[in-house]
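My entries follow in the order I made them.

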Amino acid sequence: MQKDEDGFFVPAPSGSQAAPKDPSEPGKAEEAPPKPAAAPATLEEPPAGTDLIKSTFEVTVTLADQQADPNSPLYSAKTFEELGISDDLLKGIYDMGFSKPSKIQERALPLLLANPPMNMIGQSQSGTGKTAAFVLTMLSRVDFNLHKPQAICLAPSRELARQIMNVVITMGKYTAVQTEYAIKDHLPRDASNITAQIIVGNPGTMFDLMRRKVLDVNHIKVFVLDEADNMLDQDGLGDQTLRVKNQLPRNKPVQIVLFSATFPDHVRNFANKFAPNANKIELQKEELSVDSIRQFYMDCKNEEHKYDILVMLYSLLTVGQSIIFCKRRDTADRISQRMTAEGHKVASLHGAKDAAERDAIIDRFREGREKVLITTNVIARGIDILQVNLVVNYDLPMMNERDKFADERPDIETYIHRIGRTGRFGRKGISINFVHDQKTWKQMEMIEQVTGKQIVRIETDDIDEMEEKMKKALK
Ligand SMILES: Nc1ncnc2c1ncn2[C@@H]1O[C@H](COP(=O)(O)OP(=O)(O)OP(=O)(O)O)[C@@H](O)[C@H]1O
């Protein structure tokens, strides 16, 4: 059994190849032991000036080449011009409104674009600009005169794959780049032979296109995993991701680029094997989430009371836009049906809906036509909608949603990604957890302990106080 995007167990696709079960055996080509790493360099951000993002967090840069000095200006770019990329790409970047690289871009791009290409394992908080870093890497390595797949990017959900594709198309607007999706129900126009240079999709469909030789792997130079810890998780999408990797040519170097806001220890070991000899950018454990997200909790009396509180919050949910995370698809449906019947305007999105419906729902939400989205973990990661200023954990994320053998511990990584749907690129945001019994209270306490960020109580019976606290947090 494996899990789908919502974290539900589903049977493996028929005819799929068996993949190694042991995470320590990810294949043969990548078995070479990594070189000893150089002493890590810890860098502090200079005082923030007019930066859009006031990043005070620290990253640790570890170079695969132990002779090199990670503090060398060679490995930092204060401007996009310094990167030596084409004018067409520079124009694309400036058109997106980016005036200078964000912290992760500043540190990662010189390493990503250097020749010969080196693997990268990059970590930086949600909403800090990782996408542009790997998209620029793909675009700058592609030969636009060659009509063959040259860069592939995998993401855990169709919504995220579509979002990444938009960045590829927008940033590549002044180039001749051609793109293709590898997502379900989105068959390539010419279903026998993909001529596009950059393919973005989900691992199951990507593998299928490769296996059927619709996607020729022989010219692939870059392989990106966004949300890499999730993509490598053995109980989630890991097997399928590994199958994709095993299709890549072994006699030619492929640059492997892994990015995420979280790399839990058990995945990090696998990541090191998946992307051997990688340059690494890591966050300190206590810096996993950005400070611009203020975290609250509400003490609900019981499960039913959670619903009442959510309805009471409705006027606040619609001040900007909000995402409500539930554990189960049927909870998401039930809440949205009830709220709709009571005259509120909400949408629900989860993995049981068909592809066209999912696309329509997220597009409407992105355009601001829906203000409240009730969903599952399917869009917990990566989704970038700047107007979202409130995230509600109607149910806390649990490990047992990811792993049927896990106990009732909270899923800290998923929590960090969920609340990261707000507070994008230095903006303010709020998250609210609903707790309703001893168990959920303890789970939240554990989240507070591990993340080192305070979660402040809001009274459930004083709507005015609630409003005031939340508005203050958003100021
Ligand atoms: N250099 C920049 N200048 C201004 N805005 C930027 C810059 N880089 C990225 N952004 C914007 O910041 C927002 C967040 O970026 P992105 O979605 O890449 O975050 P992320 O680090 O991938 O987050 P997550 O971990 O949630 O996937 C996007 O709206 C993007 O357009």
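Entry one, surface charge. I noted a patch of positive charge on the surface, formed by R294, K428, K472 and K475. The model is a predicted one. I looked up K428 and found it in the loop between α14 (412–419) and β17 (429–435). K428 has 42% relative accessibility, so I list it as partly exposed.

I placed E468 in helix α16, which covers residues 463–474. E468 counts as exposed because its relative accessibility is 58%, and the cut-off for exposed is over 50%.

Entry two, backbone. I went back to the loop between α14 and β17 for F425. Its phi is near 45°, a positive value in a residue other than glycine. I put F425 down as partly exposed because its relative accessible area is 21%, and buried means under 20%.

E227 also has a positive phi, about 55°, and is not a glycine. I found E227 in the loop between β9 and α6. At 6% relative accessibility, E227 counts as buried.

I recorded a cis peptide bond between N115 and P116, with omega about -5°. P116 sits in the loop between α2 (103–113) and β5.

Which residues of α8 (265–274) are buried? I listed V267, R268, F270, A271 and F274. These buried residues pack against the strands β5 (120–123), β9 (222–226), β10 (255–260) and β11 (279–283), and against the helices α6 (228–232) and α7 (238–247).

Definitions and conventions
Residues are numbered from 1 along each chain as its sequence is written. This is a predicted model: local features need pLDDT of at least 70, side-chain atom pairs count only at pLDDT 80 or more; totals for chains, interfaces and linings use all residues. Side-chain values use heavy atoms; hydrogens and water are left out. Buried means under 20% relative accessible area, exposed over 50%, partly exposed in between (1.4 Å probe, protein chains only). Helices (H or I, at least four residues) and strands (E, at least two) are DSSP runs, numbered from the N terminus. Contact means heavy atoms within 4.5 Å. Patches are made of residues with over 30% relative accessible area and no salt bridge: like charges are joined within 9 Å, nonpolar side chains (Val, Leu, Ile, Met, Phe, Trp, Tyr) within 5 Å. Accessible areas come from the Shrake-Rupley method with a 1.4 Å probe; for residues, only the protein chains shown count as cover. A salt bridge is a side-chain nitrogen of Lys or Arg within 4 Å of a carboxyl oxygen of Asp or Glu. Lys and Arg count as positive and Asp and Glu as negative; His and the chain ends are not counted. The place of a charge is taken as NZ of Lys, CZ of Arg, CG of Asp or CD of Glu.
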